[in-house]
Amino acid sequence: MKLAVTDLTAGYGKAQVLFGISLEVAQGELVALLGANGAGKTTTLRTISGLIRPWAGSVALDGHSLLGISAARRAQMGLGHVPEGRQLFPLMSVEENLLLGAAFLAWAGKSEQLERIYALFPRLAERRWQMAGTLSGGEQQMLAIGRALMGRPRILMVDEPSLGLSPKLAEEVLTTLAQVKGEGVGVLLVEQNVALSLEVADRGYVVEHGRVVLQGSARELSSNEGVQKAYLAL
Amino acid sequence: MDLLLQTLINGILAAGIYALVASGLALAVGVVGIVNFAHGEFSMIGAFVSYLLFVGAGIDPILSLGLAAIVLFLVGAITYYGLIRPVLAAPELNQMLLTFGLSVALQNIALLMFGADTRVVSTSYQGATITLGGVSFGVPPFAAFVLSVGLLGALYWFLGKTRLGFAVRAVAQNRLAPGLLGIETQQIYLLAFGLSAALAGIAGVMLSVMLYASPTVGFAYTLKAFAIIVMAGLGNLRGVVPAAIVLALAEAFVSTYVPGGGGWVEAVFFLVIFVALTWRSWRLP
């Protein structure tokens with residue numbers, strides 16, 4: 001499966017945020033979407049997953065346009081989105097949160113699926129019956145990712161997973177995303193932590209003011225002088 | 001002693017129907033996020049459905065319950081699509097003005113159609129009473145209580161044990177995530193609002209026998225349901241049953257033990273809201 005975004009423009013009210021974003025993510029690759037606060041990264045993800053309507057441009061899965069298809073339907077088609085702020089169900093247990101990630105699937109395979117997620121995030125297995133609202137920040141992020149994976153997405157978009165986490169935990173979460181990629185999922189990672197993202201990513205796009213200003217392999221981007229100056233503080 | 005027991009029983013029996021109406025309101029507030037001032041008017045429609053079926057076709061209210069539930073589910077669904085959905089993202093004040101307006105409109109439509117008279121569904125068992133030891137109670141309130149308990153049990157089972165109920169609770173806790181997890185949030189809202197109206201409608205059928213059908217019969221129940229959900233904590237469905245019992249018992253005790261208590265009963269809910277809000281604000285850090 002391949003996600004293709006072409007010349008996407010979007011915004012809120014009259015304020016335009018995206019001025020023509022194009023990008024692609026295929027299964028089995030980890031693509032980083034990098035940029036400063038306010039560059040339009042989150043808006044890009046929200047437009048792709050159908051939370052906001054694009055003004056122009058297209059979003060397509062395997063060549064089929066997603067225009068007019070609801071966010072829920074897109075998730076059912078295999079497009080996962082771990083939103084900004086995690087958006088957990090705070091008064092439900094870890095396991096209930098995970099099960100809701102698979103609510104639209106046949107529940108026959110749910111226990112295997114749960115074991116798969118617990119293998120990926122052993123800390124969640126320990127906290128199985130704990131309320132999601134009482135987890136630490138890192139555990140909440142793991143739960144948000146695990147919950148999205150319960151729906152067996154083929155493309156998974158993750159918005160700022162390292163936000164508010166210690167460097168060690170941030171690395172742990174990003175390493176897990178690399179593992180998820182290894183299982184054949186295409187990962188689109190939005191991050192402000194550019195150095196860490198380029199360590200795990202295969203490719204990347206740099207967004208400024210709603211436009212892609214640079215793209216290339218992770219190695220090319222890390223050695224790019226502009227990227228080093230603006231984001232890596234070298 | 002008998003008087004105390006009688007008062008307790010009166011209170012408990014009244015609590016069933018209160019909990020039924022308030023659970024519906026809690027669904028609207030907690031899941032859809034709409035403060036529905038027209039909730040009692042759904043009960044009023046249910047009462048008239050029961051009355052019309054009884055007078056027009058001789059159908060017993062017990063049989064009308066199912067039909068009223070379906071009719072009110074549809075009324076709720078239409079209300080959701082036509083009025084609520086367009087204002088979901090609007091400021092709360094706009095939403096409240098809308099549902100308040102709906103309440104006034106429905107009352108006046110009923111007034112135009114049926115006049116202001118109270119109409120009672122006079123079944124053969126209406127005046128029947130059961131006497132146990134020193135206490136006695138009417139058959140209709142007892143039947144309404146048993147039915148309410150059954151329906152509330154079914155509602156809690158649905159929310160707690162089924163996949164769809166699970167999704168309903170999820171939407172109540174977070175509005176953004178369910179859509180991203182493949183749950184059609186709009187359908188959940190529709191279902192919750194329809195159920196909300198259906199529960200109110202069923203309560204309305206009970207009212208048509210125990211009280212009467214009239215254009216304003218639902219309004220007092222809107223207020224009482226609000227007192228209950230404020231006590232329970234807005235949108236907290238689990239707290240609704242105990243809160244309904246507290247309100248109903250408070251009313252029963254005022255009615256029995258306060259001189260001229262009958263007149264004060266209708267003010268009890270107000271006191272309850274006052275106490276609940278004050279207590280809550282003290283508990284805040």
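Author: Let's start with a term: a salt bridge is a side-chain nitrogen of Lys or Arg within 4 Å of a carboxyl oxygen of Asp or Glu. In general, side chains of opposite charge can pair when their charged atoms come close. One group here goes beyond a simple pair: salt bridges link A:Arg123, A:Arg127, A:Glu139 and A:Glu172 in a network. Over all chains, the structure holds twelve salt bridges.

Before we go on, a word on the source. This is a predicted model, in which local features need pLDDT of at least 70 and side-chain atom pairs count only at pLDDT 80 or more, while totals for chains, interfaces and linings use all residues. Residues are numbered from 1 along each chain as its sequence is written, chains are lettered from A and ligands numbered from 1 in the order in which they are written, and side-chain values use heavy atoms, with hydrogens and water left out.

Helices (H or I, at least four residues) and strands (E, at least two) are DSSP runs, numbered from the N terminus. Buried means under 20% relative accessible area, exposed means over 50%, and partly exposed is in between (1.4 Å probe, protein chains only).

Now look at a pair that involves both chains. A:Glu96 and B:Arg169 meet through their side chains in a salt bridge of 3.8 Å, N to O. A:Glu96 lies in helix H3 (residues 94-101) of chain A and B:Arg169 in helix H6 (residues 163-173) of chain B, so the pair joins two chains. A:Glu96 is partly exposed at 24% relative accessible area, and B:Arg169 also counts as partly exposed, at 21%.

Next, stay within chain A. A:Asp202 and A:Lys181 form a salt bridge whose closest N and O atoms are 3.1 Å apart. Because A:Asp202 lies in the loop between helix H8 (194-200) and strand S9 (203-208) and A:Lys181 in helix H7 (residues 167-182), the pair ties together parts 21 residues apart in sequence. A:Asp202 is partly exposed, with 30% relative accessibility.

Chain B has a pair of its own: B:Glu251 and B:Lys224 form a salt bridge, with 3.5 Å between the closest N and O atoms. B:Glu251 sits in helix H10 (residues 240-257) and B:Lys224 in helix H9 (residues 219-232), so this pair ties together parts 27 residues apart in sequence. Both B:Glu251 and B:Lys224 are buried.

How do H9(B) and H10(B) lie relative to each other? Their axes come within 8 Å and cross at roughly 125°. Here, axes are lines fitted to C-alpha atoms, for helices over the stretch in contact, and angles run from 0 to 180 degrees between N-to-C directions. H9(B) and H10(B) are therefore oblique to each other: angles under 35 degrees count as roughly parallel, over 145 as roughly antiparallel, 65 to 115 as roughly perpendicular and the rest as oblique.
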